[in-house]
Amino acid sequence: MALGSLSVIEKMVASTSLLLHLPISQKHAGDHYGARKLVSRISLSSSVDKAEPRTIRLRAGTVNMEVKLERGERLYLGMDFGTSGARYALIDKEGKIRAEGKREYPLYMSLLQLFECMQACLFSRKSEETIDWIKSWRTTLFGLLEDIPVNLRQAVASISIDGTSATTIIVDSKTGEALCKPFLYNQSCAEALPIVKAIAPANHTVCSGSSTLCKLVAWWSSCDTSKPSAVLLHQADWLLWLLHGKLGVSDYNNALKVGYDPEVESYPMWLLAQPYSSVLPLVIAPGTSIGSMKENISMHYGFPKDCVICTGTTDSIAAFLAARVTQPGKAVTSLGSTLAIKLLSTRRVDDARFGVYSHRLDDKWLVGGASNTGGAVLRQIFTDDQLENLSTQINPANASPLDYYPLVNIGERFPIADPNMEPRYSSMVSLHQENYPNST
């Protein structure tokens, strides 16, 4: 869902804003970090008119060349890991963006996986199951760190990351090595749903095939009698672990769909009574300091020794924060690869039948859900130019006569939680053929 209609950089500003109120030490080893140092590193022509405002493109990002850092000034880094790529934003204490960048995920496959992918495409099965997401996300994370302007890195006081909700990674609790392929945010483990429904309260958030708990139960049931020493991490948890090195730490936004209760700040007894409760991570509030960046990483990339790594949140919550909504009753829709809706409420509402759940936001609640429909499925049918052209023909004042429900795969999460829901394409395909009769 990450690359949405809301500015993803705004999402990063929101994610990074979790860090602004932490008690970070103001002691800083650097002196004056001017933009001129960056100019010398990328060999800009000296003939550029210095009186004009300039923005320099650096790899996949931008840097405002007018801004200079004062002695001792600190910056805050947020990264957004979505469904198709990741971005970063570097801001100051006022929330002003100093640098930003993005990368798409490289899609790594072994020869065997490539063969499986060819078969998947031939027989219309999900090809993303063959992608090495662990390697892809790791490469993207360190690629983004490399993209951050060198002259700004020593000013970074803290880092946080948001990731896709319910994307689940189960790793060895001693080594951190992944024990299975990641379960993606929209992946349904319907075979585990009856087990989860038997232990959880009726219509609980975990009573959905795509919940994190269903994924944990599916993994646990697939293991042989000798269960490995393991810990469950969400996508953001795992990425942050790569930076701080302390396994088994999560935040209560990401942990909601594994059964954590943010209202009482603990796992419920019905969950702790299960044999797989030993796999559950420690949960703390979003934006809480976990520890300093690992020394080998800080030295390699030039971040300060006191750079703090903090717990993150989900990508849709970061999008909500970016919209700066403060009044209960107001809602934010984030449209990207998928679709998410969040409404600020003074009351908690949860009903798994409709895919509705509530995230805690300080003393209020974000009520909403996440759908599997969105921009990703549209790109399977239309080109970008076609989408732009057709969008100009939409009259929002008129109800659409078309009857379609586009989904990439079978199954929906919200507004109806149905792992067997079939997509409806007929009206959309007819629209495509009517407007583009010569396309294939």
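## Pairing of β7 and β8

Two strands are counted as paired if DSSP finds at least two bridges between them. In this predicted model, strands β7 and β8 are antiparallel and are joined by five bridges. Within this arrangement, Asp 172 lies opposite Ala 230 of β8.

Strand β8 is largely enclosed by the rest of the structure, because five of its five residues are buried. Ala 230, Leu 232 and His 234 point to one side of β8, while Val 231 and Leu 233 point the other way; all are buried.

The buried positions of α7 are Thr 212, Leu 213, Cys 214, Lys 215, Leu 216, Val 217, Ala 218, Trp 219 and Trp 220.

The elements covering these buried residues include the strands β7 (168-172) and β8 (230-234), together with the helices α6 (193-199) and α9 (269-272).

## Packing of α4 against α8

The packing of two helices is described by the angle between their axes and the distance between those axes. For α4 (residues 133-147) and α8 (residues 235-244), the angle is about 55 degrees and the axes are 11 Å apart. The two helices are therefore oblique to each other, and their crossing is right-handed.

From α4, the contact involves Ile 134, Trp 137, Arg 138, Leu 141, Phe 142 and Leu 145; from α8, Gln 235, Trp 238, Leu 239, Leu 242 and Leu 243. Of the residues in this contact between α4 and α8, nine are nonpolar, one is polar and one is charged.

Notes: Residues numbered from 1 in each chain as written. Predicted model: local features only at pLDDT ≥ 70, side-chain atom pairs only at ≥ 80, totals over all residues. Heavy atoms only, no water. Axes fitted to C-alpha atoms, helices over the stretch in contact; angles between N-to-C directions. Helix = DSSP H or I, 4+ residues; strand = E, 2+ residues; numbered from the N terminus. Parallel < 35°, antiparallel > 145°, perpendicular 65-115°, else oblique. Left-handed = near helix turned anticlockwise from the far one by under 90°. Contact = heavy atoms within 4.5 Å. Nonpolar A, V, L, I, M, F, W, Y, C, P; charged D, E, K, R; others polar. Buried < 20%, exposed > 50% of the residue type's maximum accessible area, 1.4 Å probe, protein only.
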